[in-house]
Amino acid sequence: MIAGIVILYYPDPPVLSRLVAGLRGQAQRLIAVDNTPGCASADVTAALQADIPVDYIPLSYNGGIGAAQNEGIRRAMDLGCSHVLLLDQDSAPAAGMIARLLSAESELLEKGEKVAAIGPVFIDGKTNERSCSIAYAPFSVRRIPLHPHSPRPVETANLIASGSLIRTSILQTVGTMRGDLFIDFVDTEWGLRARNRGYRCYCVPDAEMAHSTGDRAVRFFGKNLYTHSDLRNYYRIRNAIYLLRTPSMGWGWRTYMAIRIPFYVLLFPSLSAKKVRNIRAMFRAVLDGIRGRLGPAPESLMQNRGNAG
């Protein structure tokens, strides 16, 4: 049995309905973990109506995406599910996506590959760009384009959480998500931790899913740069600095991020509408990352709800 686990945070009911519709005929159960403070609205409850069993878990507070994913994973394990499909509330799986992921996973396992997670190519809703396979090398990252009609799974250093299909047995071996990271790099940390233990993540080029990255996309030196709220920028910098001293992240990722962090610290305020607040957030992020202060952001930063679900 496959359980789709979707994390909610002030969801848009029509967008959530699209996700639920995309799971019909693909997953056998839907587990919705709600990080939104308070109770779900009638519109959200209606959007979760499906022709498969739905478990709704209201946390009544924002505990971060990693902790919410772990709640859903625990429920899936209690139900005896063989796989979980992690999802964001704005994702939309294409028809047959899960079957394609299962088929590719089966092929890899038959070849003796140690599969950590397998995921689709995601199509960004803002730019229509397709995601790539990535490989980290000291001080650099290589992005490998994926041909849309290729059925062959391609190894990647890690996957974004949404669309990742993971066996529950692997989660028992590698461990679940790090809730103390709260939001950014939760999926990267898990993927590289699994890699450090001999497992590999794979993309399936002919399996697709619509997904939005960031709050908006801006052109920067001819490339699309995805921007986030000031609060998300805090988590991104803080967690990156903290993870630099985590051996399981590997030398490739750590050296690459070590040279990117100063660039981001300078860039994010320049793209923010409230530059002074963003500069303060960056300063606090650097301090907290060095000190290892994880969990929710300080109250002074939480006034900007942003997209930190």
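Analyst: The crossing of α7 and α9 is right-handed, and in this predicted model the two helices pack at an angle of about 25 degrees with their axes 8 Å apart. Because angles under 35 degrees count as roughly parallel, α7 is roughly parallel to α9. On the α7 side the contact is made by Asp230, Asn233, Tyr234, Ile237, Arg238, Ile241 and Tyr242, while α9 contributes Arg277, Asn278, Ala281, Met282, Arg284, Ala285, Val286, Asp288, Gly289 and Ile290. Sorted by class, the residues of this contact are 9 nonpolar, 3 polar and 5 charged.

The helix between these two in numbering, α8, covers residues 250-271, with α7 at residues 230-243 and α9 at residues 275-291. The axes of α8 and α9 come within 8 Å and cross at roughly 155 degrees, and these two helices are therefore roughly antiparallel to each other. The crossing in which α8 passes α9 is right-handed. From α8 the contact draws on Val265, Phe268, Pro269 and Ser270, and from α9 on Lys275, Asn278, Ile279, Met282 and Val286; by class these residues comprise 6 nonpolar, 2 polar and 1 charged. Asn278, Met282 and Val286 of α9 take part here, and these three residues also belong to the contact of α9 with α7.

The remaining pairing is that of α7 with α8, which pack at an angle of about 150 degrees with their axes 10 Å apart, so that α7 is roughly antiparallel to α8. The crossing of α7 and α8 is left-handed. Asn233, Arg236, Ile237, Ala240, Ile241 and Leu243 make this contact from α7, and they meet Trp253, Arg254, Met257, Ile261, Tyr264, Val265 and Phe268 of α8. The contact holds 10 nonpolar, 1 polar and 2 charged residues.

Read together, the residue lists show where the pairings share members. Asn233, Ile237 and Ile241 of α7 touch α8 and also take part in the contact with α9. On α8, Val265 and Phe268 are listed in the contact with α7 and again in the contact with α9.

Helix α6, at residues 186-196, gives the most to the lining, with 3 residues, and the lining as a whole divides into 9 nonpolar, 2 polar and 1 charged.

Note on methods:
Residues are numbered from 1 along each chain as its sequence is written. This is a predicted model: local features need pLDDT of at least 70, side-chain atom pairs count only at pLDDT 80 or more; totals for chains, interfaces and linings use all residues. Side-chain values use heavy atoms; hydrogens and water are left out. Axes are lines fitted to C-alpha atoms, for helices over the stretch in contact, and angles run from 0 to 180 degrees between N-to-C directions. Helices (H or I, at least four residues) and strands (E, at least two) are DSSP runs, numbered from the N terminus. Angles under 35 degrees count as roughly parallel, over 145 as roughly antiparallel, 65 to 115 as roughly perpendicular and the rest as oblique. A crossing is left-handed if the near helix is turned anticlockwise from the far one by less than a right angle, and right-handed if clockwise. Contact means heavy atoms within 4.5 Å. Ala, Val, Leu, Ile, Met, Phe, Trp, Tyr, Cys and Pro count as nonpolar, Asp, Glu, Lys and Arg as charged, and the others, Gly among them, as polar.
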